[in-house]
Amino acid sequence: MNKKEFIKAAKKKGIPDFLYNIDGKGRDDERFCIVPDNGKWNVYYAERGCKTTDLYFDTESEALEYMLKELSE
């Protein structure tokens with residue numbers, strides 16, 4: 001899954017875009033974020049300036065799939 005596919009799937013599932021940040025820009029308050037980090041992809045949930053979920057994936061696709069699953073629940 002790439003970022004375009006993620007956005008399309010999120011829209012199809014009715015997930016508002018303010019619940020995630022996949023471009024690494026802007027504030028990270030109260031939403032899922034994805035950022036490259038030393039050859040891995042870090043997915044975390046930012047809440048009041050703290051990371052409450054902090055996972056690493058080998059590929060961007062795996063990270064996006066995880067984030068979509070979490071947002072769908």
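**Helix and sheet**

A: Helix α2 (residues 60-72) lies across β1, β2, β3 and β4 and runs at about 170° to β2. Helices (H or I, at least four residues) and strands (E, at least two) are DSSP runs numbered from the N terminus, contact means heavy atoms within 4.5 Å, and axes are lines fitted to C-alpha atoms, for helices over the stretch in contact, with angles from 0 to 180 degrees between N-to-C directions. This is a predicted model, where local features need pLDDT of at least 70, side-chain atom pairs count only at pLDDT 80 or more, and totals for chains, interfaces and linings use all residues. Residues are numbered from 1 along each chain as its sequence is written, and side-chain values use heavy atoms, leaving out hydrogens and water.

Q: In what order do the four strands sit in the sheet?

A: The order is β1-β2-β3-β4, in an open sheet with mixed pairing; strands pair if DSSP finds at least two bridges between them. β1 (20-21) and β4 (50-57) each have a single partner strand, so one side of each has no neighbour in the sheet.

Q: How many bridges join β2 to β3?

A: Seven, with β2 (residues 31-37) and β3 (residues 40-47) running antiparallel. D37 is opposite K40 in β3.

Q: Switching to F32: buried or exposed?

A: F32, in strand β2, has 8% relative accessibility, so it counts as buried (under 20% relative accessible area; exposed is over 50%, partly exposed in between; 1.4 Å probe, protein chains only). Beyond its neighbours within four places in sequence, its contacts include Y66, M67, E70 and L71.
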